[in-house]
Amino acid sequence: MNYSTLRGASYVLIHTPDMIEHNGTTQTTEKITTPDSEYLRQLDEHLRTYTEVVNYAPNQTYIGNLPYEQLKELPQPWVKTEISGERFGKFGEIMPELEFYGLLQIADVFELVHLEEDFAEKVRQALAAHPLFKQDVDQIKNTKSLEWLEKERTENAAEGLYYNRQLVGCVSRAHQLDINLNAHVMLENLVVKASGILALRQLFATRKIDPHTVDYVIECSEEACGDMNQRGGGNFAKAIAEACDCVNATGSDLRSFCAGPTHALISAASLVAAGTYQNVVVVAGGAAAKLGMNGKSHVAKGLPILEDVLGGFAVLISENDGSHPVLRHDLTGRHKVSSGSSPQAVTTALISDALKKADLSVEEVDVYSVEMQNPDITKPAGAGDVPLANLKMIGAIGVLRKDIEKKELLNFVNQKALVGWAPTQGHIPSGVPYLGFATEDLMSGTKNRAMIVGKGSLFLGRMTNLFDGVSIVLERNPGKVEAVEQADLEVLVKKEVAAALRAFAASLK
């Protein structure tokens, strides 16, 4: 069977402390329900600096500078252990808020983003030094006075942009009446597009990929763009592709809450294996609504607000080159309508059913990447260590399958468990944070097989009470390409036909 391969992944974080207060739903809801709350008064005191965000161990793992094995050895909570970090990593970067406001304007093609004149100049100077955006600084030109920004915000319902708690810009509404194009929604959509652009350009730069070779783009974040006549119709994928010079690509959006990225990974692998496209990119931008989502729990425990970054990633899936890890699109798990919603039922559907197809035991998978949320964020909020809980359930399934003895369960968990290093941006932690390391582990490392698992909460849309989830197995490439190229096939056919004709001629003599 012909398989596609994982060519590489990129990961980006954008530190957006001012957006926490003005765009995170926990904070904007608090302003409506309890505008004089103690939490809102304390908010500014619990914001991290950009330097602290860069020197935070899970963030360095996310962009590839700190191996996940070393992160696992660091004492938790990691927020109390500052390391020496770098802005740029082998997978991507951690961008400061000032520069990201410039990306918002670069991503804007309808002149909805406005920056204050002096602030815009600072943004230009900063991005002029960025290797991926120095050619775009001329697009930062729609500048306004502070007075104009204030009026646009107060009289025309624009969404303010703040820096160091000062108004420095705004996003105007795109339609007078359409709530799907109001300023709040437009800002959220532009955040997705801008962070997706950053992730995709980082993929091309770090993996040395020609964007002209990309045939198809799948965008799989949790936001959706459209107007009143096709709410959520899309298309972020093609918008991001356009801004990243993917001139030969088309694309579409794929949505399934947190499970979206793994659905997209399976779709990309299948499209390439089928020969429909040669190079497919899966990309996702960040979710402004989830900034500070668990902030009240963090502040109550005297911690900084750790959900202060937008996340993004991009992955390239290509034809089998005999070297890169293969995606076993025939070894997938899926949560069916009939699967059931108990943790055991979900895990059985996603893990056991996939392994059964290849007669594999749970021990024969070296890495399980499932819901890679950072425990520093989830533990104070009462959700516990999510990746560890998933591994325990997988181990329990292994015991039920008689793959391992019950007494070996703890050892199984200790050996297989990945610590979570991804921000709680919903779709961002869902299986895919490991893909960057997978290209190394399954090529030059000691691992032979990994499973990427995505889960989703479909009930959030109030259309069904069902959960969702899919999984796919990645393997070390055996070093041979089973598929025969079309040109080689034509040569082979000609040789076979010629041989047959010679044999026929000989039989007539």
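Guide: Start just after H11, where Asp 245 takes a positive phi of about 65 degrees. This is a predicted model.

Visitor: Which residue caps the N-terminal end of H11?

Guide: Asn 235 does. One of its side-chain oxygens lies 3.0 Å from the backbone nitrogen of Ala 237.

Visitor: Which residues of H11 are buried?

Guide: H11 spans residues 236-243, and its buried residues are Phe 236, Ala 237, Ala 239, Ile 240 and Ala 241. They pack against H10, strand E7 (216-219), strand E8 (250-253) and strand E9 (279-284).

Visitor: Now the largest nonpolar core. Which of its residues touch the most other members?

Guide: The core holds 59 residues, and Phe 100, Leu 104, Phe 133 and Leu 200 touch the most other members. Helix H10, residues 183-206, gives the most to this core, with 11 residues.

Visitor: What is Leu 200 in contact with, leaving aside neighbours within four places in sequence?

Guide: Its partners are Ile 240, Cys 244, Cys 246, Val 281, Val 283 and Ala 314. A second, separate core has 54 residues, including Tyr 11, Val 309, Ile 428 and Leu 435.

Visitor: How should I read a pair of packed helices?

Guide: Two packed helices are described by the angle between their axes and the distance between the axes. Here, H14 (residues 343-357) and H16 (residues 386-400) pack at about 80 degrees, with axes 10 Å apart. H14 is therefore roughly perpendicular to H16.

Visitor: Which residues make the contact?

Guide: H14 supplies Pro 343, Gln 344, Thr 347, Thr 348, Ile 351 and Ser 352. H16 supplies Met 393, Ile 394, Ile 397 and Leu 400.

Visitor: What does the side chain of Ser 339 reach?

Guide: The backbone nitrogen of Lys 336, at 2.7 Å. Leaving aside neighbours within four places in sequence, Ser 339 is in contact with Arg 334, Ala 345 and Ala 349.

Conventions:
Residues numbered from 1 in each chain as written. Predicted model: local features only at pLDDT ≥ 70, side-chain atom pairs only at ≥ 80, totals over all residues. Heavy atoms only, no water. Core = buried A, V, L, I, M, F, W, Y, C linked by side-chain atoms within 4.5 Å. Buried < 20%, exposed > 50% of the residue type's maximum accessible area, 1.4 Å probe, protein only. Helix = DSSP H or I, 4+ residues; strand = E, 2+ residues; numbered from the N terminus. Contact = heavy atoms within 4.5 Å. Polar contact = N/O pair within 3.5 Å; in protein donor to acceptor, adjacent residues only side chain to side chain. Axes fitted to C-alpha atoms, helices over the stretch in contact; angles between N-to-C directions. Parallel < 35°, antiparallel > 145°, perpendicular 65-115°, else oblique.
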